[in-house]
Amino acid sequence: MQLSLSVILLLRNREPAVTQMVRRAVDVVRSLGAKGRPFELLAVDQTSVDNTLSLLSVLHARIPELRILQDVRQGMAVIEAARAARGDRWLLVDRVVDPQLMTWGLNQLESGKRAAIVPGEILAVEAKLGAQVLGHLAGGLVSAQQAVEHELAARGQRAAWSPAPDRGVAERAALFVRQRLGWVGLSQLDRPLGT
């Protein structure tokens with residue numbers, strides 16, 4: 001069955017945040033009126049060694065839309081998500097994100113944009129573009145954002161773009177490093193640090 005939306009959570013050792021990530025994603029989708037439209041919440045766990053999977057199992061019992069992909073090799077979450085997602089539109093996050101940013105991204109897709117990006121926060125992308133660009137992409141959210149931007153630029157198009165919230169110097173430095181990991185062949189390390 002084709003779904004209207006796949007919210008994709010890219011996870012690795014996210015025990016402190018996973019419950020909030022799942023709840024926020026479900027709340028955002030339901031607040032946008034998708035309650036009557038089928039959606040999925042796809043949690044992609046990259047071999048977490050904390051209790052991320054245990055918490056996802058508990059949440060799965062309460063949230064029927066939640067699907068879990070586990071034991072995904074580090075740096076392969078985007079590829080596995082692109083292969084498994086069933087929605088017409090995708091929203092990728094790898095940390096606790098302000099619901100307004102998720103809503104903004106989904107609204108951009110509804111208004112006809114092919115993708116919407118908040119650096120280091122969200123990637124909203126139409127499924128066809130996502131499958132084409134992300135189906136072979138090692139790395140995480142920031143790598144995915146860059147690949148989508150590059151593909152759209154090659155077609156003379158642009159993603160909707162919004163600046164990331166200012167979380168301080170440490171967050172800006174972490175985002176800067178994440179944006180350059182692919183340049184040195186370390187895109188598999190693209191994930192948020194300790195948040």
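## Core packing and a helix pair in a predicted model

Leu41 touches Val7, Leu9, Val22, Ala25, Val26, Glu65, Leu66 and Arg67, residues up to four places away in sequence not being counted; contact means heavy atoms within 4.5 Å. This is a predicted model, in which local features need pLDDT of at least 70, side-chain atom pairs count only at pLDDT 80 or more, and totals for chains, interfaces and linings use all residues. Residues are numbered from 1 along each chain as its sequence is written, and side-chain values use heavy atoms, with hydrogens and water left out.

In the largest nonpolar core, of 31 residues, Val7, Leu9, Val22 and Leu41 touch the most other members. Such a core is a set of buried Ala, Val, Leu, Ile, Met, Phe, Trp, Tyr and Cys residues joined through side-chain atoms within 4.5 Å, where buried means under 20% relative accessible area (1.4 Å probe, protein chains only). Helix 1 supplies the largest share of this core, 8 residues. Apart from it lies another core, of 30 residues, among them Val78, Ala82, Ala84 and Ala85.

Helix 1 also packs with helix 2, at an angle of about 25°. Helix 1 is therefore roughly parallel to helix 2 (angles under 35 degrees count as roughly parallel).

| Helix | Residues | Contact residues |
|---|---|---|
| Helix 1 | 15–31 | Glu15, Val18, Thr19, Val22, Arg23 |
| Helix 2 | 52–62 | Thr52, Leu55, Leu56, Leu59, Arg62 |

The residues of this contact comprise 5 nonpolar, 2 polar and 3 charged. The axes of helix 1 and helix 2 lie 9 Å apart.

Definitions and conventions. Axes are lines fitted to C-alpha atoms, for helices over the stretch in contact, and angles run from 0 to 180 degrees between N-to-C directions. Helices (H or I, at least four residues) and strands (E, at least two) are DSSP runs, numbered from the N terminus. Angles under 35 degrees count as roughly parallel, over 145 as roughly antiparallel, 65 to 115 as roughly perpendicular and the rest as oblique. Ala, Val, Leu, Ile, Met, Phe, Trp, Tyr, Cys and Pro count as nonpolar, Asp, Glu, Lys and Arg as charged, and the others, Gly among them, as polar. Buried means under 20% relative accessible area, exposed over 50%, partly exposed in between (1.4 Å probe, protein chains only).
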